Amino acid sequence: MLVRFRGGLRTPRRAVLVFASVLLAALAGAGATPSAAATLHRLIDFETPGYGAPGRALTDHFLLHVSGTWHLFYTDLPSPTVPACRIGHATSTDLVHWTERPTVVTAPGYGPFATGTWAPHVVPRTGGGWILYYTGRNESGAQSICASLSSNLDTWTDASTGALWTPETAPWASWDEGQYSSCRDPFVWQEGAQWKMIYTATTATGRPAIGRARSTDQLLWVDDGPFAIDSTSTSPIDLESPTLVFDNGRVELLFSRYWVRFLSAATAAGPWNVAGGTTLDEQAVAPEKVRVGTTQILTRLRYDECVPPLTGIIVIDTVTATPGGYAIPASPGLPFGWRQEGDAFATGPAYGDRPAFRGDVPAQPQGLRWAASGETVSMPGDPFEPCDGPSRDNQTGWLRSPRFTLLGDSLWFRVMGANSPDSAHVRLLDACTGLELARRTGPNTTALVPAAWSNAGRRGWPVEIELDDRLVRPGGVIGADQFRDSTIGSFVGPTPVAINQTAPAGGENLTPGTTYVIRWTSFHAAGVDSHVVYVSYDDFATPPIRLQKRNGNQFSWGWTVPPGPLFEVRIRVVAYASNGVHDCDTSAPFTIAVTADASAPVPGAGLELRAHGSPGPTPTLEWSAPAGTRAWLRLYDVRGRLVRTLVAGETAIDPGPRRVTWDGRDRNGRPAPAGVHFALLTGEGGSRRRVSVVRLGP
């Protein structure tokens, strides 16, 4: 069990009033849904892998994967909502959304686990079923290893009436039933015909240690001597949560001492220098590691000191092994399929309710994470962000969801932020054409308030959700949480249209001025009315360009290939069915006029180019090049004619980004026509190029 931070347990910064508001926020939220009787077709939220809630005092845990389902066994310490220490159980298929299962064991007030039960560890039982090892603590504070048995991971019975194991008779260990004694955090594995256990212990001379025991039947255990002893450091802190990982061509020892530590050896025999070790996460304790196929998952516990009393959040990350441990993501990042541009949402989903802590109206998010352009805290226990840190109102950018199909009669969500319809809003976009279908600005408060759009006339349409923040003034933010596509009453799903774009297939390098035949097939039982062909030169960061409309019985069109070089071109064909639904299919990327001296840029080539304020009357081009490189930035129209040179042979003094604004005029000083233009950034010699689409508009 883990209760220490550096220098001891810290006192949280805010008191009961803030805790009450945050706890009420976790319990609130009925206003963001249509009704309890509604059918929920899809929930789109911003949660990432993990488990916990404000005010829950979670500690040690264990993650198990069985037949496609994740089982999380966790420790709940006493809190306002948990009257007694218990080991809980939750299941999930995505490590994000969890279903609570029956409690495994609760401290009963008597016996070896009278005042505490924690540190669950589950292994298959010989002959079938499961055995859960855990720590018990008696009324005197002495700890022991206990166990429960199950055939289905839901129903558990005690494996014995007393403790399964203590090092009371071990000559090297210190343990006394009548006083505080260490024997906790079991980890069990099979080694040949024997089962081995390691656990947190203390030597007879008072040194922190990891003990070891062995068994042939998983229930009767005998001492197997110390596994590791810290005989050199002066730290009195125990070696907690020891876990062995047999992976990556080595044996790994994960444990906690102030924070998560890592050691490795060729075999389980070590040697294990537990006085040292590599630090994996300076803000976390209680590490666990599991592999499923090629995916390695590291879990650990982080404490959120901003939410009193002690709030523990179980963080779950996919990691990659390194010689010295694991490469761990700095933050959870965006949920799968989401895209963003700019810095407003660059740190990923916001964690917690920072508006409440800074004295603003509480946002009251439904879970742990939500989307907010002004918030930068993405992890519990972030040492660089104070609890009451300011909102980053000057950040701008957009965040866009993966496409999904509207099925219900309404799309419910919660929104906060500035009331500025043009510059801070949530939008519903047609995922095929990029056209805006609905818009909602902020309610001029930091509270997430309920909002909804009707899906009338749009059921069966593929859509995307976009949050857009262009404001830099105080309070200029936008945020949202929990989009729910729902139906009230009876539901009959719309029949989708089938569309398959067959040419180009992707990977082609087309020649400007030639005619290329774009081909597709489509079908719908009610008939297909029409097709529309689009092209994108920026991977649909902006709406695609409409090229041609064709009838429902026409399945090809000859396209005159525009000038190049263009490196990221994609064709999209939209099929509109007679019943009002539509769908689209998109080609893989292909190129136009890319030659040996105009090769596609690769990571590390050093040239970067991005358009801002596009569409708009004065777009800004942000570019960068390696220090010492001469660069040219030119604008062309869709026919390949030079419109303007914005940078002419400028030498980059440093690799930092530079900005140049186009005033919308051509090289003769006349207003350039509105529409699509191409910005081409060329390095010295012309061998390195970047292209960006610029839309000149009102």
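This is a predicted model: local features need pLDDT of at least 70, side-chain atom pairs count only at pLDDT 80 or more; totals for chains, interfaces and linings use all residues.
Residues are numbered from 1 along each chain as its sequence is written. Local features need pLDDT of at least 70, and side-chain atom pairs count only at pLDDT 80 or more.

**Stop 1: the sheet.** Select strands S12 to S15. They form an open sheet in the order S12-S13-S14-S15, with antiparallel pairing. Strands are DSSP runs of E, at least two residues long, numbered from the N terminus. Two strands pair if DSSP finds at least two bridges between them. S12 (184–191) and S15 (222–229) are the edges; each has a single partner strand, so one side of each lacks a neighbour in the sheet.

Now select S14 (residues 208–215). Five bridges join S14 to S15. Find Arg-214: Val-222 in S15 stands opposite.

**Stop 2: the disulfides.** How many disulfides are found in the whole structure? Two. A disulfide here is a pair of cysteine sulfur atoms within 2.5 Å.

Select Cys-306 and Cys-387. Their sulfur atoms are 1.9 Å apart. Both residues are buried, meaning under 20% relative accessible area with a 1.4 Å probe, protein chains only.

Next, select Cys-432 and Cys-584, with sulfur atoms 2.1 Å apart. Cys-432 lies in the loop between S30 (424–430) and S31 (436–441), and Cys-584 in S42 (residues 582–586), so the pair ties together parts 152 residues apart in sequence.

**Stop 3: cysteines without a bond.** Select Cys-146 and Cys-183. Cys-146 is in no disulfide. The sulfur of Cys-183 is 8.9 Å from that of Cys-146, too far for a bond. Cys-146 is buried at 2% relative accessibility, and Cys-183 is buried at 0%.

Technical notes: Side-chain values use heavy atoms; hydrogens and water are left out. Helices (H or I, at least four residues) and strands (E, at least two) are DSSP runs, numbered from the N terminus. Buried means under 20% relative accessible area, exposed over 50%, partly exposed in between (1.4 Å probe, protein chains only).
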